[in-house]
Amino acid sequence: MWICDEDRFNWYCDIPPDAEPADSAPEAKALSEEEEAVAALKALREDAERKRALAIIKPTPENLKRYIVAQEALMDRASVFSDVWRRVIWANPELNYQLRNPSNNAAIQVRDTQRARKASETLAGLAGEWGIFFFFRSDCPYCHRLAPTLKWLSEQYGIAVFPISLDGGGLPEFPQPSRDNGMAAALGVSVVPLVVLGNVKDRRLLPIGSGVLSAQEIVERIYILTQTRPGELY
């Protein structure tokens with residue numbers, strides 16, 4: 001039973017001559033340049049983190065020095081990255097976020113002036129199709145503070161304000177409000193004052209905000225809600 005053909009090793013006597021050899025281990029897939037970069041960055045961070053942990057647990061001068069060297073190496077790479085980043089931005093204006101939303105005072109003033117002008121023009125143009133629903137209580141001091149602002153907006157831009165009292169009482173600017181007919185419950189009104197923009201044609205309701213709002217805030221929010229897409233001004 002221990003005898004095999006001369007060309008076969010004893011331990012493989014039972015394997016048929018035409019049997020295929022076992023598949024060899026698959027070759028490792030070559031990493032892409034991005035995958036290599038991810039692995040290299042991970043290794044650098046893990047190395048620095050290990051040295052940091054050792055320096056905290058055993059704060060000897062040698063351990064601290066090794067951690068500082070590793071941390072400085074990471075900071076040097078970050079500095080080069082940051083410098084190249086700004087050079088690319090300078091050379092490619094379409095990638096410059098600051099052109100859409102400037103951060104320096106001079107540019108901010110220009111942007112705000114243009115936006116305020118557009119917002120005012122928008123509010124004046126919406127007067128025939130949109131109105132403002134003003135939910136309030138007669139005993140709410142914040143409602144008393146907001147009412148003159150809404151009255152001024154109505155007179156300035158011609159947009160209608162529909163006062164809706166949750167307790168039946170009125171305000172000096174709106175002495176004869178409408179009683180709530182269930183609209184507050186439908187909107188989930190839990191805080192007053194609440195200002196809602198409503199379209200008289202298609203019945204759309206767009207909440208503007210709660211609490212005491214300035215005239216500028218209301219005008220700007222109406223402009224954003226009716227004339228811009230989410231993320232456009234960011």
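Mentor: Let's take the sheet, then a helix, then a few single residues. This is a predicted model, where local features need pLDDT of at least 70, side-chain atom pairs count only at pLDDT 80 or more, and totals for chains, interfaces and linings use all residues. Residues are numbered from 1 along each chain as its sequence is written, and side-chain values use heavy atoms, with hydrogens and water left out.

Trainee: What is the strand order in the open sheet?

Mentor: The order is β3-β2-β1-β4-β5, five strands with mixed pairing. Strands (E, at least two residues) and helices (H or I, at least four) are DSSP runs, numbered from the N terminus. Two strands pair if DSSP finds at least two bridges between them.

Trainee: Which strands stand at the edges?

Mentor: β3 (178–179) and β5 do. Each has a single partner strand, so one side of each is left without a neighbour in the sheet.

Trainee: And β4, how many bridges join it to β5?

Mentor: Five, and the two strands run antiparallel. V195 has G209 as its bridge partner in β5, and V196 has P207. The hairpin of β4 and β5 has five residues between the strands, and R203 there takes a positive phi near 65°.

Trainee: How many bridges does β4 make with β1?

Mentor: Six, again in the antiparallel sense. W130 has N199 as its partner in β4.

Trainee: How many residues of β4 are buried?

Mentor: Six of its six. Buried means under 20% relative accessible area, exposed over 50%, partly exposed in between, with a 1.4 Å probe and protein chains only. Both faces are covered: L194, V196 and G198 are buried on one side, V195, L197 and N199 on the other.

Trainee: Which helices pack there?

Mentor: α7 packs on the sheet, touching β1, β4 and β5. Its direction makes about 150° with that of β5. α5 lies across β1, β2 and β4, at about 165° to β1. Contact means heavy atoms within 4.5 Å. Axes are lines fitted to C-alpha atoms, for helices over the stretch in contact, and angles run from 0 to 180 degrees between N-to-C directions.

Trainee: Stay on α7. Which of its residues are buried?

Mentor: I218, V219, I222 and Y223. They cover an arc of only 135° around the axis, which puts them on the same side of α7. That arc is of the directions from the helix axis to the C-beta atoms.

Trainee: What covers the buried residues of α7?

Mentor: The cover includes α4 (105–126), β1 (130–136), α5 (141–157), β4 (194–199) and β5 (205–210).

Trainee: New topic. S165, buried or exposed?

Mentor: S165 is buried, at 0% relative accessible area. It is found in β2 (residues 160–165). Leaving aside neighbours within four places in sequence, S165 contacts F136, P177, S178, R179 and D180. A polar atom of its side chain lies 2.9 Å from the backbone nitrogen of G168.

Trainee: And P141?

Mentor: P141 is in α5. It counts as exposed, at 57% relative accessibility. P141 and V212 are 71 residues apart in sequence, yet 9.7 Å apart in space, C-alpha to C-alpha.

Notes: A polar contact is a pair of N or O atoms within 3.5 Å; within protein, one must be able to donate a hydrogen and the other to accept it, and residues adjacent in sequence count only if both atoms are side-chain atoms.
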